[in-house]
Amino acid sequence: MTQPLLQSSIKSLPLINQGKVRDIYDIDADKMLIVTTDRLSAFDVILPTPIAGKGAVLTQIANFWFERLSHIIPNHLTGIAPDGLVSDPAEKMQLGERAIVVKKLKPLPIEAVVRGYLVGSGWKEYRQSGTVCGIALPAGLQEASRLPEPIFTPSTKAELGTHDENITFEQAAGLMGAELAGKVREVSIALYNAAAEFALTRGIIIADTKFEFGLDNDGTLYLIDEALTPDSSRFWPADQYRVGSNPPSFDKQYVRDWLEASGWNKQPPGPELPPEVALKTSEKYREALRQLTGRDIAV
């Protein structure tokens, strides 16, 4: 496995933004470079231990879905090879399978969440009120029940270190207009349905996911950021799915479980992960890539 990358340093390009996982660099008026690092955040805290290969896995899974779902909506990929943007060998080593060149688009002010199963915060709300994000659901559902149909439950975009907040469709429409909100809902559910149907053929249930969208200068809607990765979705092994319990997932749940047991108070700074926990987490990410796409990252 190549050396994990906790933070990129592409000095030949101006840094625009550093998020929880992605570092974004300016190329020109129309394009940006996104480098997906091996950082891992849990409970909204970035941990000091990188997860080897994670950035490449996330990028390759997202690219797989961008291509597969391009008939539903265009995406932000330009098709330009990132390696051609830099000449310094040390900078080239930070790109490879973890980097993409994307169009500059105006991001929408919400995260578009689609839920196909009753789990997490949705299950908690349902037990209290019979609803998820204010949407009434049939009585008698259990934890991990498949919903009668997927539901669109948008959320605000939180600043680094804070939580996203669920909002109603009407609130989303208030932020960006009813017509655009309606289109985002329609496209999000179409993307989820197509992806969930395919993933099932590979033995994976996509319980829920979140998308981000952006607009170009002509008002055309694009799928941006990442799509249907273990970081933005809840992946369950289909052969371990049982209604009434939360199945193990292909994401960072292994780390979350270790953190919960460690006694950490979920406040910065996060603790260093033991090598075996970091390795196991890396393997879970790569397992998702292999099972979904039949591919693996270079090691």
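Ala144 is found in the loop between strand 10 (135-136) and strand 11 (146-152); helices (H or I, at least four residues) and strands (E, at least two) are DSSP runs, numbered from the N terminus. Although Ala144 is not a glycine, its phi is positive, at about 70°. Most residues other than glycine have a negative phi, and most peptide bonds are trans. Ala144 counts as buried because its relative accessibility is 0%; buried means under 20% relative accessible area, exposed over 50%, and partly exposed in between, with a 1.4 Å probe and protein chains only.

Leu228, also not a glycine, has a positive phi of about 55°. Leu228 sits in the loop between strand 14 (221-224) and strand 15 (233-237). With a relative accessibility of 0%, Leu228 counts as buried.

## Basis of the model

This is a predicted model, in which local features need pLDDT of at least 70, side-chain atom pairs count only at pLDDT 80 or more, and totals for chains, interfaces and linings use all residues. Residues are numbered from 1 along each chain as its sequence is written, and side-chain values use heavy atoms, with hydrogens and water left out.

## Helix 4

Helix 4 spans residues 169-176, and its residues Phe169, Ala172, Ala173 and Met176 are buried. Seen down the helix axis, these buried residues fall within an arc of 100°, so they line one face of helix 4; the arc is that of the directions from the helix axis to the C-beta atoms. An α-helix has 3.6 residues a turn, so residues three or four places apart point the same way.

Glu170 and Gly174 are exposed on the other side of helix 4. The cover over the buried residues of helix 4 includes strand 8 (110-117), strand 11 and helix 5 (178-201).

## Helices 6 and 7

Helix 6 and helix 7 pack at an angle of about 155°, their axes 9 Å apart. Axes are lines fitted to C-alpha atoms, for helices over the stretch in contact, and angles run from 0 to 180 degrees between N-to-C directions. Helix 6 and helix 7 are therefore roughly antiparallel to each other (angles under 35 degrees count as roughly parallel, over 145 as roughly antiparallel, 65 to 115 as roughly perpendicular and the rest as oblique). Tyr254, Val255 and Trp258 of helix 6 make the contact with Val277, Lys280 and Thr281 of helix 7, where contact means heavy atoms within 4.5 Å.

The loop between helix 6 (253-262) and helix 7 (275-293) contains Pro269. Pro268 and Pro269 are joined by a cis peptide bond, with omega about -5°.

An open sheet of 4 strands has the order 1-2-3-6 and antiparallel pairing; two strands pair if DSSP finds at least two bridges between them. Strand 1 (15-18) and strand 6 (99-103) stand at the edges with a single partner strand each, so one side of each has no neighbour in the sheet. The twist from one strand to the next averages 25°.

Strand 1 and strand 2 run antiparallel and are joined by 3 bridges. They form a hairpin with 3 residues between them, and Leu15 stands opposite Tyr25 in strand 2. Strand 2 (residues 22-26) pairs with strand 3 (residues 31-36) in the antiparallel sense over 5 bridges. Ile24 has Ile34 in strand 3 as its bridge partner.
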